[in-house]
Amino acid sequence: MSKIEDLKQQGLSLKLYNLYECVEALIKDAELKDSSYQEFLETVLEGEIRTKEKRAQEIRLKNACFPTLKSLDNFDFDFQKSISKKKINRLLDMDWIDDIFNLIFLGPPGVGKTHICVALGYKAIEMGYRVTYTTMDHLMYALKTSDISRKSKSKVNKIHSSDLVIIDEVGYLPITRDEANLFFKLVSELYEQTSIVITSNKGFEDWNELLGDPALTTAILDRLTYKCELFNITGKSYRLEHRQSIV
């Protein structure tokens with residue numbers, strides 16, 4: 001085994017993946033620049049830090065389970081005039097996650113609620129936060145089956161270990177009384193521990209009908225809105241207005 005191969009294997013054993021992949025290029029670059037031992041070591045360690053940060057971000061992104069990736073750069077604020085671009089951009093510093101604030105986006109289908117919350121979640125991942133995305137329907141399934149399904153149990157555990165939990169499409173499908181109780185239990189467990197982002201097509205006045213119990217509805221909304229920024233989005237569906245056709 002050559003010295004280069006030996007170095008690569010040592011790097012792999014120590015989980016120094018950048019060294020393993022780039023050792024020849026690192027040595028060649030150091031020779032060209034006539035780097036000192038200290039400079040060479042700094043270059044190696046900086047490469048490892050970048051590689052570990054990249055791998056950690058990839059893991060956080062995979063665990064988030066976004067349906068698709070979105071960015072605020074391609075959100076059409078000119079079309080959706082009911083929401084302030086300046087107000088949304090202020091959320092990008094993620095101070096609200098550190099302060100455990102919630103965000104609630106209310107409005108009809110197609111007005112950009114999911115786009116905005118996924119874009120914020122992706123930005124949070126880039127900044128090092130742990131994020132979990134789920135629809136309300138998938139959340140209910142996971143909560144109901146967590147005692148019998150390893151996959152569901154893993155999802156619930158990820159939710160509890162997240163810095164930010166995004167619950168999309170609350171109110172699109174009916175839920176039972178037992179499911180409403182499970183939702184209340186989860187919200188209570190996350191209360192002042194984890195930031196929650198919710199999108200819903202129903203105004204708060206309709207949540208009594210959704211959850212089936214006025215007292216339970218009050219208790220849930222009390223916890224969600226205690227430290228919360230509320231966005232009421234109105235207007236036409238972007239998808240319908242920009243519908244594409246093959247003919």
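A residue counts as buried when its relative accessible area is under 20%. By that cut-off, 39% of the 247 residues of the protein chain are buried in this predicted model. The chain's secondary structure comes to 12 helices and five strands.

**Overall dimensions**
- The radius of gyration of the protein chain is 23 Å, whereas a compact globule of 247 residues would come out near 18 Å.
- Take the contacts in the chain between residues at least 6 apart in sequence: 79% of them join residues at least 24 apart.

- You'll find I198 in strand 4, which covers residues 195-200.
- I198 has 0% relative accessibility, so it counts as buried.
- Leaving out residues up to four places away in sequence, I198 touches L103, I104, F105, I167, V170, F183, W207 and L224.
- Two of those names come back in the helix 9 and helix 11 contact: F183 sits on the helix 9 side and L224 on the helix 11 side.
- I49, for its part, is 149 residues from I198 in sequence, and their C-alpha atoms are 34 Å apart in space.

**Helix 9 against helix 11**
- Helix 9 (residues 177-190) packs on helix 11 (residues 214-225) at an angle of about 25°, and the axes are 10 Å apart.
- Angles under 35 degrees count as roughly parallel, so helix 9 is roughly parallel to helix 11.
- The crossing of this pair is left-handed.
- Helix 9 brings A180, N181, F183, F184, V187 and S188 to the contact, and helix 11 brings L216, A219, I220, R223 and L224.
- Sorted by class, that contact has eight nonpolar, two polar and one charged residues.

**Helix 1 against helix 2**
- Helix 1 (residues 3-13) and helix 2 (residues 17-33) cross at roughly 150°, with their axes coming within 7 Å.
- Since anything over 145 degrees counts as roughly antiparallel, helix 1 is roughly antiparallel to helix 2.
- Helix 1 and helix 2 make a right-handed crossing.
- On the helix 1 side the contact uses I4, L7, K8, Q9, G11 and L12, while helix 2 supplies Y17, L19, Y20, V23, E24 and I27.
- The class tally for helix 1 with helix 2 is eight nonpolar, two polar and two charged residues.

Technical notes. Residues numbered from 1 in each chain as written. Predicted model: local features only at pLDDT ≥ 70, side-chain atom pairs only at ≥ 80, totals over all residues. Heavy atoms only, no water. Axes fitted to C-alpha atoms, helices over the stretch in contact; angles between N-to-C directions. Helix = DSSP H or I, 4+ residues; strand = E, 2+ residues; numbered from the N terminus. Parallel < 35°, antiparallel > 145°, perpendicular 65-115°, else oblique. Left-handed = near helix turned anticlockwise from the far one by under 90°. Contact = heavy atoms within 4.5 Å. Nonpolar A, V, L, I, M, F, W, Y, C, P; charged D, E, K, R; others polar. Rg over C-alpha atoms; globule rule 2.2 N^0.38 Å. Buried < 20%, exposed > 50% of the residue type's maximum accessible area, 1.4 Å probe, protein only.
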